[in-house]
Amino acid sequence: MIVVVTLNPALDVTHFVDRADWSGVNRPHEVQVRAGGKGLNVARTLRALGQPVLLAGLAGGCAGQALAAGLAGTGADAQLTSIAGETRRTFVVADRARGQTALFNEPGPCVSPAEYRDFTAVYARAVSGAAAVVLTGSLPPGVPDDAYAGLITIAAEAGLPVILDASGPPLRLGAAAGPTLIKPNLAELEAAAGRELRAGGEPDRAAIEQAARDLSAAAGQAGQAGRPGSGTTVVVSLGAAGLLAVGPDGGWHARPPGPVAGNPTGAGDAVVAGLADSLVRGRDWPAALRHAAALGSAAAAAPVAGEFAPADYERLVTMVEVAGSPARPGGVR
Ligand SMILES: Nc1ncnc2c1ncn2[C@@H]1O[C@H](COP(=O)(O)OP(=O)(O)OP(=O)(O)O)[C@@H](O)[C@H]1O
Ligand SMILES: [Mg+2]
């Protein structure tokens, strides 16, 4: 079973309107309400891959109840620690005439220290029976920036591989705890490196590799035994350009056949699910990266975040090109 931590889940509410009037009354012709957030996207993809999932998170208020009810359809088990605050909503207005979508992402409820302690007790019990842990998404107000670092340490003590997908201070502090794998996108890696990794506006491959290598080396000093190999591998996602992985086992680039049209939001979550699936199944890095890149592209081709068409995945996985090589003995290439 894979534990997916979702500390700031959301109830995604989408109003579909013909043409939004920003100073008048709007009457949506359709309203969709769905349990959402990055953890939910990862969980849905893992379920589609046949993995048992336990979602561990925080939920409160009416939105929290609706979220818990919405989880039933995902096929994932859930242990949501109850909080006094109201689970956040992401509110979307989809304007058909303009072909535009406006997102309003609430920050999330304020979580008390006692509530977060209750969550960590639930989490520690959950990891004792798990095969891997995924830590993903933003932290709600009140949860300390080093929360992921603490959760990585608990999982490491239980001997579990951990994947971290975060940004800002939770990424920096979490990386220092030495997770098995970190999955930043380009903007998140730039923020962690403290410098731009583009030349003339285009991603600079050499600079990205160096920043990923630095992050891997800094994280590796904490040292957590993981699979495959040990230490921290950094897998940078580069949109349609695929995945660049650097770690103690070597360096690889997995390139999808080309850009797909659809909804790229959540493509990174599909990558995280593919990597977690591969850690648990013991795939080697080239196979893991091929699988993850194909899942990301299939997710980008699907209209709804957290979903993909299996036929897209089957077609893409044969077309992803993986280049690179294992490390020379003695460390990262
Ligand atoms: N337009 C696209 N065409 C083809 N493949 C794509 C496209 N966008 C994303 N992908 C695939 O999905 C992977 C992850 O995408 P991306 O780098 O956009 O993740 P992300 O920014 O973390 O996304 P999110 O956080 O919204 O889930 C890429 O490495 C690639 O394999
Ligand atoms: Mg992402």
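A polar side-chain atom of S237 lies 2.8 Å from an oxygen atom of ligand 1. This is a predicted model, so take a look at it with that in mind. Let us begin with the ligand and then visit a few other parts.

Around ligand 1 there are 24 residues, and K183, S237, G242, G268 and S297 come nearest.

| Residue | Atom of the residue | Distance to an oxygen atom of ligand 1 |
|---|---|---|
| K183 | side-chain N or O atom | 2.7 Å |
| S237 | polar side-chain atom | 2.8 Å |
| D269 | polar backbone atom | 3.1 Å |

Next, find strand β2, residues 10-17. Which strands does β2 pair with? Strand β3 (residues 30-36) runs antiparallel to β2, and seven bridges join the two. Strand β6 (residues 88-95) runs parallel to β2, with eight bridges between them. You can trace each pairing through one pair of residues: F16 has E30 in β3 as its bridge partner, while L11 stands opposite R89 in β6.

Finally, turn to two helices, α6 (residues 186-193) and α7 (residues 205-220). Their axes come within 10 Å and cross at roughly 60 degrees, and the crossing is left-handed. What kinds of residue make up the contact of α6 with α7? Seven are nonpolar, with no polar and no charged ones. From α6 come L186, L189 and A193, which meet I208, A211, A212 and L215 of α7.

Note on methods: Residues numbered from 1 in each chain as written. Chains lettered and ligands numbered in written order. Predicted model: local features only at pLDDT ≥ 70, side-chain atom pairs only at ≥ 80, totals over all residues. Heavy atoms only, no water. Pairing = 2+ DSSP bridges. Helix = DSSP H or I, 4+ residues; strand = E, 2+ residues; numbered from the N terminus. Axes fitted to C-alpha atoms, helices over the stretch in contact; angles between N-to-C directions. Left-handed = near helix turned anticlockwise from the far one by under 90°. Contact = heavy atoms within 4.5 Å. Nonpolar A, V, L, I, M, F, W, Y, C, P; charged D, E, K, R; others polar. Near = heavy atom within 4 Å. Polar contact = N/O pair within 3.5 Å; in protein donor to acceptor, adjacent residues only side chain to side chain.
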